[in-house]
Amino acid sequence: MGTKLNAEKTEKLFNALNSWLNQRPNLDYRDYACARSYNSEYRSILSDLHDARDLLNYCEHMELGQLLNDRLENSSDRLTLTWSDDRPVLDYTVGQYWSTEYRVAVASACKSVIWAYLREKNIDVKNKAKQVFRKRIVRDYFN
């Protein structure tokens with residue numbers, strides 16, 4: 001169990017995660033052989049943004065802030081959370097290429113929280129995901 005969240009801290013947590021998602025990926029065109037490969041990577045990163053936003057919005061709508069906070073504070077994954085002076089501080093450990101990973105890290109944390117929440121309520125996770133999310137999210141995160 002991590003930091004106990006009140007309404008203000010919950011709002012700060014979701015604002016911090018949204019700010020994290022809204023960072024530019026900072027792709028360097030020189031790292032790609034041609035415009036086609038650059039644009040393909042950019043489209044993939046943009047799709048990751050949409051997925052992460054949908055999953056984060058679901059967590060916020062279902063009031064899963066405390067679960068998400070606990071998951072990120074106690075995580076040994078690449079994305080972790082600490083609180084400093086009542087402000088959430090996100091820390092990310094890069095694997096291969098930050099530009100393609102940082103949004104997926106938020107989506108994965110949200111997915112884990114949603115899975116745990118739905119299983120705790122004895123709700124069939126895959127069927128619920130099919131009702132709530134787009135096909136790409138169901139395929140990539142709830143399969």
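Arg71 is located in helix α3, which comprises residues 65-73; helices here are DSSP runs of H or I with at least four residues, strands are runs of E with at least two, and both are numbered from the N terminus. The structure is a predicted model, in which local features require pLDDT of at least 70 and side-chain atom pairs count only at pLDDT 80 or more, while totals for chains, interfaces and linings use all residues. Residues are numbered from 1 along each chain as its sequence is written, and side-chain values use heavy atoms, with hydrogens and water left out.

Arg71 has a relative accessible area of 22% and is therefore partly exposed (buried means under 20%, exposed over 50%, and partly exposed in between, with a 1.4 Å probe and protein chains only). Not counting residues up to four places away in sequence, Arg71 touches Asp77, Ser108, Ala109, Ser112 and Val113, where contact means heavy atoms within 4.5 Å.

The chain contains six helices and two strands, arranged from the N terminus as α-α-α-β-β-α-α-α. The C-alpha trace spans about 50 × 40 × 25 Å along its principal axes. Of the 143 residues, 39% count as buried. Among contacts with a separation of 6 or more, 69% are between residues 24 or more positions apart.

Strands β1 (residues 79-84) and β2 (residues 87-92) run antiparallel and are joined by six bridges; two strands pair if DSSP finds at least two bridges between them. Ser84 has Arg87 in β2 as its bridge partner. The hairpin has two residues between the strands, and Asp85 takes a positive phi near 55 degrees.

Arg103 belongs to helix α4 (residues 98-120). Arg103 is buried but has no salt bridge, and the nearest side chain of opposite charge, that of Asp48, is 7.2 Å away. Lys and Arg count as positive and Asp and Glu as negative, whereas His and the chain ends are not counted. A polar atom of the Arg103 side chain lies 2.9 Å from the backbone oxygen of Leu21, and the backbone oxygen of Gln23 lies 2.9 Å from a polar atom of that side chain. Beyond neighbours within four places in sequence, the contacts of Arg103 include Pro25, Ile45 and Ala52.

Nine salt bridges were counted, each defined as a side-chain nitrogen of Lys or Arg within 4 Å of a carboxyl oxygen of Asp or Glu. In one of them, Glu8 pairs with Lys12, with the closest N and O atoms 3.3 Å apart. These two residues are four apart in helix α1 (residues 7-21), and are therefore separated by about one helical turn. Asp28 and Arg30 form another salt bridge, at 2.9 Å between the closest N and O atoms; Asp28 is partly exposed at 24% relative accessibility, and Arg30 is exposed at 71%.

Arg134 forms a salt bridge with Asp51, the closest N and O atoms being 2.8 Å apart. Because Arg134 lies in the loop between α5 (125-132) and α6 (135-141) and Asp51 in helix α2 (residues 35-61), the pair ties together parts 83 residues apart in sequence. Arg134 is partly exposed at 37% relative accessibility, whereas Asp51 is buried at 0%. Salt bridges with shared partners join Asp48, Asp51, Asp54, Arg134 and Arg136 into one network.

Methods:
Polar contact = N/O pair within 3.5 Å; in protein donor to acceptor, adjacent residues only side chain to side chain.
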